[in-house]
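Here are my notes on the model you sent. Please read them with the coordinates open.

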Amino acid sequence: MKAVVALTAGGLLWAAACVEPRDATPPLPDARVLRAPDTAGLEPVPVPDLSTMSESVQRGLRERIEKLRESLSSASPPEETLADRYGDVATVLLAARYFSESEQYFLNAHTLTPMDRRWPYYLGHVYRNVGPLDEAARFFEQANQLQPNDSATLIWLGEVYLAQGRHDGAAALFERVTAREPASAAAWFGAGRAALAGGDRAQATAALEESLLREPTATAVHYPLAMAYRGLGDLERAEAHLARQGDVAPRPVDPLMSALGDLLESPEVYSSRGRSALAAGNWPGAADLFDKGLAMAPADPFLRYGFGFALMRMGDAGGAEAAFRRAIQTSPRHVEAYYTLAEVLDGTGRPVEAVATLRLALEYTPGHVAARTKLAGILGRTGAPEEALQEFARTLELAPANAEAAFGYAMNLVRVDRFQAARDALAEAVQSFPDPTPFRLALARLLAAAPDARVRDGRRALEMAEDLLESAPGLALGETLAMALAELGRFADATQVQRDVVAAAQQARLDDTVVRRMTENLSLYEGEQACRRPFGADEMP
Amino acid sequence: MLTSCTADPRGADRPAGAGGERLEVAAATPSDADTRHDWFVDRAAAVGLDFVHFNGMSGELYFPEMIPPGVGLFDFDNDGDLDAYLVQSAMLGDDKTLDDAVFRWTGSSPPRGRLFRNDLQKGTGGSETLRFTDVTEASGIDARGYGMGAAVGDIDNDGWLDLYLTYLGRNRLFQNRGDGTFRDVSTASGTDDPGWGVSASFLDYDRDGWLDLYVGNYVQYDLAADVRCARLTGERLYCGPEAYLPQSDRLFRNRGDGTFDDVTTRALLSPQVGPALGVSTADFDGDGWIDIYVANDQTENLLWRNQQDGTFVDSAMLSGAAVSVDGEPEGSMGVDAADADNDGDVDLVMTHVPGEGHNLYINLGAGFFEDHSAASRLHAATLGYTGWGTAWFDYDNDGWLDVLAVNGAFRQVPSQAGDPFPYGERNLLLRNTGDGRLRDVTDQAGAVFDLVEVSRGAAFGDIDNDGDVDVLVSNVNGAPRLLVNNVGQDSHWLGVRLVGAEAPRDMVGARVEVTRPDQPTLWRRARADGSYATANDPRVHVGLGDSDVTPTVRVIWPNGRSEQWAEVEIDRWMTLTEGTGAAP
């Protein structure tokens, strides 16, 4: 510790923070470390503060630490046994992502049994996460020497080389794997990123496309692929991949790391795994994991919420509702629980309860855009369009680029017969939103068939509809075309188009009310009358 | 679900407030004799920066506790040297009092932000005496509440810098009266956004001559609904932003009459809303109009490209500066933009959390970036750190912009177990070697870089006007550090303050081209934003290395006009006023 000095300024004692240089950390009290006999050549290991951990974790770690302590106290513990005991503690710590805490345990195990590949392999992972990367590389290289050509080791070593800026070295490693295991999406992923780092974008796209071919659900491949296409000047492909990018990376088959998965059991572990299962769309798996977590911590509102969410996705509305209500009981300000409960209530035909639930959620978190948008939507659908307009407007203040709110706002203006305002709102949205298609279509409809003659503009409606033929073909556009043609007095053309629409709707077995509405419009055109109802009930949000 | 808190360290040796009568002291700064060869020396205490930050923690691990404080450097009295503003926070919890604080506050109550006037005196022979005086009371700045950061800009074009403070809660704008005092115009101006503001930036985005305001907001936070987070073992820790809903940033357009119009809904057209921590404004795509880069915590960053019609569209993803090289959103706390590779456009440096490594995005031109974090070795050097304030600055005046990143954990550091505040990390200095690499030179930089503290804000500026860039660092629950640069002044430098003609203020957003015969052209820019929750020196500093050739300086003003000055004197601070140069 640096010298303690008292400073004065203006007669007052001034205090600076008590700080210590990193290298001079005072030794922990004996209770906080486990020391090996002096002759062993092993460093003391820190004992984590178990009192901060959940009971199940405490139990597991305590057992392992006690076994290690036993071995350390015995006269001549066999090196392999002692190494395993160090490793047993270290692997639990690593599973818990306590990287720094696990480090010395692994190092001691490695000192005792240097030919055991597990220890340098795990140390590679420790240093890969917290640095230094040189050590990560060194230990993965050692692991590779002990078991040459293990794919997982080569791939992780390649990843470390990439992080060090050694893209040529990384490329060589990934190439070794792809040569022997052409099905390895992880190796192709690495090879592609190494090529990209080296500036070879053509090679990068080739390798990354191979990765995606082998593991189409590896959404993380899309980002570097997008960057590679961007570098080649293909912005369209780049944007297409960016739209699909996510965080599921292709990983090598890795038994040693997979083995860590079962070492730790705590409500938090189940919560984390449950969330991962939800993200992967594995609803039954998620439900099972959250359920296990709840067995350990029944009052945990987040586990309860996750459980409810999984049940909801599995179609168990009753189970989901019960879970959300219980989560709210425990955590009255759990806004997500209110929001998702409202979804269930609305989905099971109880919009009034859904509205009440959402209003409560918004009392706690007025800025919850999704809740407010949903509230507005339900209000609009259930005969309260003026209130819906207020809520959509408020949503847009919070999130001006929220397309759902902008669309809902415009359509509720239609509901209250404010057609000019609806036209203006849709026209503004067409200019402002990156994907204006829904707004364009709705605007064309309004221009074609609004009851208000000041709003109708058949020519413009037809132009807009024809512009959408390529990007938004479908029955909705067909109806729009027919409306516009009828507005322009081209009833024969309108009739022909609408007949095709009705036929297609019948073939697609759309709901009877929808077909009926379309047929009514057909009758209008056959009678040389224009349509004055731009949107059917089924088309309103 | 609560787990047990860490041991109650009340009574432990921790700092008191400004003016407090404390206590045993451990000043870790070595004596002058030890530091004479250090590149940087901490002189905060010696020059009178008597301040300690108070984050109001009570053992509840409330989320806001680890986010502040920022810091500011700005010449509020127009005497040619940089004054300092130190952000203060407060007790957290409606049912908590100062008696509940883990680290006892013994200063005047309540804790408030402090303004320190720089009373720099130049002696004969070029020596300087640096001295700061706390002028908070006289200034009229009564900054209570849970302070986060600071931003400066001359909002009324009267030539006096005004001060904007971000808060967990209502932000505040203090208008500089020009007589050493400030007036609170928060409500009158319409900029008192009630969100959780962290970083903010003044910029003239519409080129109307008036500084507008971008406020980066973090998350929607309600103390009564504070979320308890835990590690996989159940050990409690501070949450990350994913536990809360993000809060929309705000863009305020200056009407020119002392009021601002919230144009967020009309101007920011893309749907991205992220928990913003860092903001840096610059012309990223080279079209002459200022853009806005926002560092979002654990969410895609934003690059608001100015459409030149009062609106912005986010293009961060396609630009390659939204996420890591592997497509993952990262911590993204501090950020700064400058020409790191001396090719004429602005590049980005950004700080992140452990396991991510800080980022270097090199601008390829036209606003497309390439991630050079690994190739530059920045990633490897910073992998284990939690970075906050950072900026490009030429510490050794060799003409290449270097990086300083201040660090401080938000998860307990295992080696500090038993420490009442076990979140300390070293700060890092990385030297730009001019070949695309940033070399970690921290170990050579001086004893002050051995300190292990919980740093957040870092304001960059030439505090002693000796031609090299110094750094004022703020620490959570700690005293600030004033890193006075001892090496830069050994090389030549150019220092210019860029002042407008119609508006006699610092022309932030202006770009400077420095040309000399047989020397590479250097591009720099005037900015006060960047880093983390911080206000920086808006003057332009350019390292010139060994060459004493006087340069030609061309300034491209924010309105797009340019003019140049030949043979600008070096090794002294100059003012270049719009309209006094020649046509290029």
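The points below cover conventions, helix packing, backbone geometry and cysteines.

1. Conventions. This is a predicted model, in which local features need pLDDT of at least 70, side-chain atom pairs count only at pLDDT 80 or more, and totals for chains, interfaces and linings use all residues. Residues are numbered from 1 along each chain as its sequence is written, chains are lettered from A and ligands numbered from 1 in the order in which they are written, and side-chain values use heavy atoms, with hydrogens and water left out.

2. Helices H13 and H14, chain A. Helices (H or I, at least four residues) and strands (E, at least two) are DSSP runs, numbered from the N terminus. H13 covers residues 267-279 and H14 covers residues 283-296; their axes come within 8 Å and cross at roughly 165°. That makes H13(A) roughly antiparallel to H14(A). Axes are lines fitted to C-alpha atoms, for helices over the stretch in contact, with angles from 0 to 180 degrees between N-to-C directions. Angles under 35 degrees count as roughly parallel, over 145 as roughly antiparallel, 65 to 115 as roughly perpendicular and the rest as oblique. The crossing of H13(A) with H14(A) is left-handed: the near helix is turned anticlockwise from the far one by less than a right angle, whereas clockwise would be right-handed.

3. The H13/H14 contact. Contact means heavy atoms within 4.5 Å. On the H13(A) side the residues include A:Tyr270, A:Arg273 and A:Leu278; on the H14(A) side they include A:Trp283, A:Leu289, A:Phe290 and A:Met296. By class, this contact of H13(A) with H14(A) has 9 nonpolar, 4 polar and 3 charged residues. Here Ala, Val, Leu, Ile, Met, Phe, Trp, Tyr, Cys and Pro count as nonpolar, Asp, Glu, Lys and Arg as charged, and the others, Gly among them, as polar.

4. Helices H22 and H23, chain A. The axes of H22 (residues 419-432) and H23 (residues 437-449) come within 9 Å, crossing at roughly 150°. H22(A) is thus roughly antiparallel to H23(A). H22(A) passes H23(A) in a left-handed crossing. Among the residues that meet are A:Phe419, A:Leu426 and A:Val430 in H22(A), and A:Phe439, A:Leu443 and A:Leu447 in H23(A). The contact of H22(A) with H23(A) has 11 nonpolar, no polar and 2 charged residues.

5. Cis peptides. A:Gly131 and A:Pro132 are joined by a cis peptide bond, with omega about -5°. A:Pro132 sits in the loop between H4 (118-130) and H5 (133-146) of chain A. In chain B, the bond from B:Pro68 to B:Pro69 is cis, omega near 5°. B:Pro69 is in the loop between strands E1 (40-42) and E2 (71-74).

6. Positive phi. A:Asn149 has phi near 70°. Its loop runs between H5 and H6 (151-163) of chain A. A:Asn149 is partly exposed at 30% relative accessible area; buried means under 20%, exposed over 50%, partly exposed in between (1.4 Å probe, protein chains only). B:Asn465 has phi near 50° and is buried at 16%.

7. Disulfide. How many disulfides does a search of the whole structure find? The search finds 1 over all chains, a disulfide being a pair of cysteine sulfur atoms within 2.5 Å. B:Cys229 and B:Cys239 form a disulfide with sulfur atoms 2.0 Å apart. The link of B:Cys229 and B:Cys239 is right-handed, with 100° about the S-S bond. B:Cys229 is buried at 16% relative accessibility, and B:Cys239 is buried at 6%.
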